[in-house]
Amino acid sequence: MNILILGGTAEAMQLADTVAALPEFHAVFSYAGRTREPVAPAIPYRVGGFGGVEGLRAYVREHQVAAVIDATHPFAAQISANAVQACAAEDVPLCVLSRAPWQATDDDLWISVPDIAASVDALGDAPARVFLTVGRLHICVFARAPRHHYIVRSIEPPDDLSFLPDHKLILARPHFTYESERELMRNERVDILVTKNSGAASTAPKLAAARDLGIRVVMIERPRAADALTFHRPEDVIAWLRAQRDHVSLRP
């Protein structure tokens with residue numbers, strides 16, 4: 001059974017590891033190409049977009065894909081929408097593997113905003129020391145608020161940070177520990193943490209550290225989720241795939 005995993009998350013990698021050991025499935029892992037040096041999964045993989053809905057439909061037909069798993073980042077709204085449309089048009093089963101979002105506790109100082117543009121406004125007028133953990137592709141919006149000092153953390157270096165006159169760049173890849181996050185925020189005298197509600201366990205320690213240090217968190221909430229069957233655990237996706245295997249015939 002040929003399956004396509006639209007990947008990019010830790011959960012997608014876990015699913016790939018599991019599928020690699022199951023001979024009944026022949027899976028391909030697809031990276032969108034946002035990361036310059038992606039980690040190789042345990043199964044064959046490709047890098048780059050498909051060319052919209054029609055391109056994804058063509059790929060599904062050409063490779064006789066019998067099921068698609070959308071395990072992209074919760075903020076990859078466009079590819080998720082494309083997957084819904086393409087799979088519906090090709091009558092191919094689709095499910096989503098998505099981590100649950102983080103939830104604020106009574107001790108958290110969260111300001112929830114609908115998108116990254118709103119997160120800039122939430123910083124306020126007074127100059128502050130702002131810890132940005134929003135990914136390298138969206139930092140440019142903070143050019144609207146040059147009065148702040150920005151601590152920018154990214155897996156890979158952004159193409160340009162000259163639009164932030166006062167910044168420090170930290171290159172680091174998860175996993176992060178509570179102790180390291182607390183030390184970083186104290187040393188950098190962080191006033192505000194800005195992050196996306198990815199729900200990732202590997203980056204959650206920054207929220208606990210911010211909570212204990214009394215640091216405000218501007219939380220960018222997720223876009224509307226794709227209208228598709230959703231699982232939160234790779235093992236549930238495997239069970240779903242086995243059910244599809246019993247009901248779906250490969251295309252000629």
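The talk below takes up a helix pair and then a pocket.

Modeller: This is a predicted model, where local features need pLDDT of at least 70, side-chain atom pairs count only at pLDDT 80 or more, and totals for chains, interfaces and linings use all residues. Residues are numbered from 1 along each chain as its sequence is written, and side-chain values use heavy atoms, with hydrogens and water left out.

Biologist: Why is α1 called oblique to α7?

Modeller: Helix α1 (residues 10-20) and helix α7 (residues 234-245) pack at about 50°, their axes 9 Å apart. Angles under 35 degrees are roughly parallel, over 145 roughly antiparallel, 65 to 115 roughly perpendicular, and the rest oblique. Therefore α1 is oblique to α7.

Biologist: Which residues of α1 and α7 meet?

Modeller: From α1, Glu11, Gln14, Leu15, Thr18 and Val19 meet Pro234, Val237 and Ile238 of α7. Contact means heavy atoms within 4.5 Å. By class, the contact has five nonpolar residues, two polar and one charged. Ala, Val, Leu, Ile, Met, Phe, Trp, Tyr, Cys and Pro count as nonpolar, Asp, Glu, Lys and Arg as charged, and the others, Gly among them, as polar.

Biologist: What lines the second largest pocket?

Modeller: Its lining has 22 residues, with Pro74, Val96, Ser98, Ala225 and Ala226 nearest the centre. Lining residues have an atom within 4 Å of a point on a 1 Å grid; a pocket is an open set of points where a 1.4 Å probe fits, with protein on both sides within 12 Å along at least five of seven lines. Helix α3 gives the largest share, three residues. The classes are twelve nonpolar, six polar and four charged.

Definitions and conventions: Axes are lines fitted to C-alpha atoms, for helices over the stretch in contact, and angles run from 0 to 180 degrees between N-to-C directions. Helices (H or I, at least four residues) and strands (E, at least two) are DSSP runs, numbered from the N terminus.
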